[in-house]
Amino acid sequence: MADEVVKKEESLNLKITGKSHVKPDKKIGRKEYQLVTFDLPYLAFYYNQKLLFYKGDGDFEGMVKKVKEGLSVVLEEFHQLAGHIGKDEEGVFRVEYDDDMQGVEVTEAIISDEIGVADLTVAESTKILKELIPYSGVLNLEGMHRPLLAIQLTKLKDGLAMGCAFNHAVLDGTSTWQFMSSWANICSGAPSTSASPFLDRTKARNTCVKLDLSLPEIKLQPSGDVKPEPILNEKPNGVAKPEPILREKIFKFSESTIDKIKSTINENLSSNDSKPFSTFQTLSTHIWHRVTIARNLKPEDYTVFTVFVDCRKRINPPMPETYFGNLIQAIFTVTAAGLLLAQPSQFGASLIQKAIEAHDAKAIDERNKEWESSPKIFEFKDAGVNCVAVGSSPRFKVYDIDFGWGKPENVRSGTNNKFDGMIYLYPGKSGGRSIDVELTLEPGAMERLEQDKEFLLEV
């Protein structure tokens, strides 16, 4: 009944019942942290959004109280998230924190009492889910006058939805889930965080880069939402291009399907293949192949595979896993669609494997020097033509985020930073080697992919 309500309604009729700000539990004083070369390119991306659904015992107020109390404790070590983006006297961007700043924004909301967790943990994302996460369409650069972390807690019939928006210029996925894990552990009774964040970004890169950026023009929508104009959005003849219509859907690959894909691509490896392909490389190749077919590309059309890799252990000297900030870089590999599809799957897997392995400390340093000599702020969708881009990792233990009332029923991303070909990989809730693939595609390609038996296998 309720799921039919969700499908038919264009809105959850969400009502905001409260808004507050949470600061660190203790006085910390003035702190400043330079944003480095690994952080700065993301200023023109949008806030990174995550949505977690939890079953509860009906005590919504108690759940809210617990997460806010835990937040005030965990922010003592993760106080950068309670600050804002600023600039020093030379115009270099940095994270600034002081005890008189607002802190983290926490919004409380309610929706129809007919709607429960199961009604919202659907495979395909809709505009309805967008209501459950704050800061849709908000650029990271707006962290100069907005909190760097915003949370929305929405009461459901049998639990709550936790929508989080993190400023992507301040932290990457590894840091995001380190924070979420530490926060959940505090709420579950741990006396302190299990591993303190490593906060000195200049240990990874200490080049000061001055950027001449200003906030985009802010337009107030009829709904009251703030929608910024993208900083670098090209407008031929002064007319902005309309945003493309996209579909977002989660495909669940079971452990047996993952194993089948991996073993099939690793069969009959040639002498040119130095070592077997990993689970990530084989699954990525499988998706790249099937999406390329679904797009009906011409043989001569180029297609790009992009992956944002963690550089913590790749740079010299390596940084600890607890390094707090962005320590990722995009790696690109390109080929013609006809060549990709005419060759055995090992061809695509080899392209991905070689690109990842070649991105060592020297390559990272050269990329940084090139960018620093001529800084370019990319938009979130600058990932390449006909691209398949992976921006998350199934290694993130998202289903271990337990605030004291059980593990999440479902974890997914918001609509920010989504474009045709964007993928977020999450571990499957069933555990083991299962993986959830959250994929965004143009509607026609998505429909063809859904009907592709070779893509779905046993999904």
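A salt bridge is defined here as a side-chain nitrogen of Lys or Arg within 4 Å of a carboxyl oxygen of Asp or Glu. The model is predicted: local features need pLDDT of at least 70, side-chain atom pairs count only at pLDDT 80 or more, and totals for chains, interfaces and linings use all residues. Residues are numbered from 1 along each chain as its sequence is written, and side-chain values use heavy atoms, with hydrogens and water left out.

The chain contains 12 helices and 17 strands. These elements are DSSP runs numbered from the N terminus, with helices (H or I) of at least four residues and strands (E) of at least two. Of its 459 residues, 54% count as buried. Buried means under 20% relative accessible area, exposed means over 50%, and partly exposed lies in between (1.4 Å probe, protein chains only). The chain exposes about 20300 Å², and carbon and sulfur atoms supply 50% of this area. Accessible areas come from the Shrake-Rupley method with a 1.4 Å probe; for residues, only the protein chains shown count as cover.

An open sheet of six strands runs in the order β11-β17-β16-β14-β12-β13, with mixed pairing. Strands β11 (247-253) and β13 stand at its edges; each has a single partner strand, so one side of each is left without a neighbour in the sheet. The twist averages 20 degrees from one strand to the next. Two strands count as paired if DSSP finds at least two bridges between them. Helix α11 (residues 443-450) lies across β11 and β17 (435-441) and runs at about 20 degrees to β11. For such angles, axes are lines fitted to C-alpha atoms, for helices over the stretch in contact, and values run from 0 to 180 degrees between N-to-C directions.

Strand β12 (residues 302-310) has partners of both senses. With β13 (residues 328-336), β12 pairs in the antiparallel sense over nine bridges. Tyr-302 stands opposite Ala-336 in β13, and Val-309 stands opposite Gln-329. With β14 (residues 388-390), β12 pairs in the parallel sense over three bridges. There, Val-307 has Val-390 as its bridge partner.

Tyr-302 of β12 is exposed, with a relative accessible area of 54%. Together with Val-334 and Val-385, Tyr-302 makes a nonpolar surface patch of about 310 Å². Patches are made of residues with over 30% relative accessible area and no salt bridge; like charges are joined within 9 Å, and nonpolar side chains (Val, Leu, Ile, Met, Phe, Trp, Tyr) within 5 Å. Ile-328 of β13 counts as buried, at 12% relative accessibility. Leaving aside residues up to four places away in sequence, Ile-328 touches Phe-38, Tyr-42, His-168, Asp-172, Phe-308, Val-309, Asp-310 and Cys-311. One of these, Asp-172, is 156 residues from Ile-328 along the chain, yet their C-alpha atoms are separated by 7.3 Å.

Side chains of opposite charge can pair when their charged atoms come close. The count in this model is 28 salt bridges. Within helix α2 (residues 60-74), Lys-65 and Glu-69 lie four residues apart, about one turn of the helix. Their closest N and O atoms are 2.6 Å apart. Glu-69 is partly exposed, with a relative accessible area of 43%.

Glu-438 takes part in two salt bridges, described in turn. With Arg-412, the closest N and O atoms are 3.6 Å apart. Glu-438 lies in strand β17 and Arg-412 in strand β15 (residues 410-413), so this pair ties together parts that are 26 residues apart in sequence. Both residues of the pair, Glu-438 and Arg-412, are buried. With Lys-418, the N to O distance is 3.9 Å. Lys-418 lies in the loop between β15 and β16 (422-427), so its pairing with Glu-438 in β17 ties together parts that are 20 residues apart in sequence. Lys-418 counts as buried at 8% relative accessibility, and Glu-438 is buried with a relative accessible area of 2%. Elsewhere, Arg-30, Glu-32, Arg-94 and Glu-96 are linked in a network of salt bridges.

Note on methods
Contact means heavy atoms within 4.5 Å.
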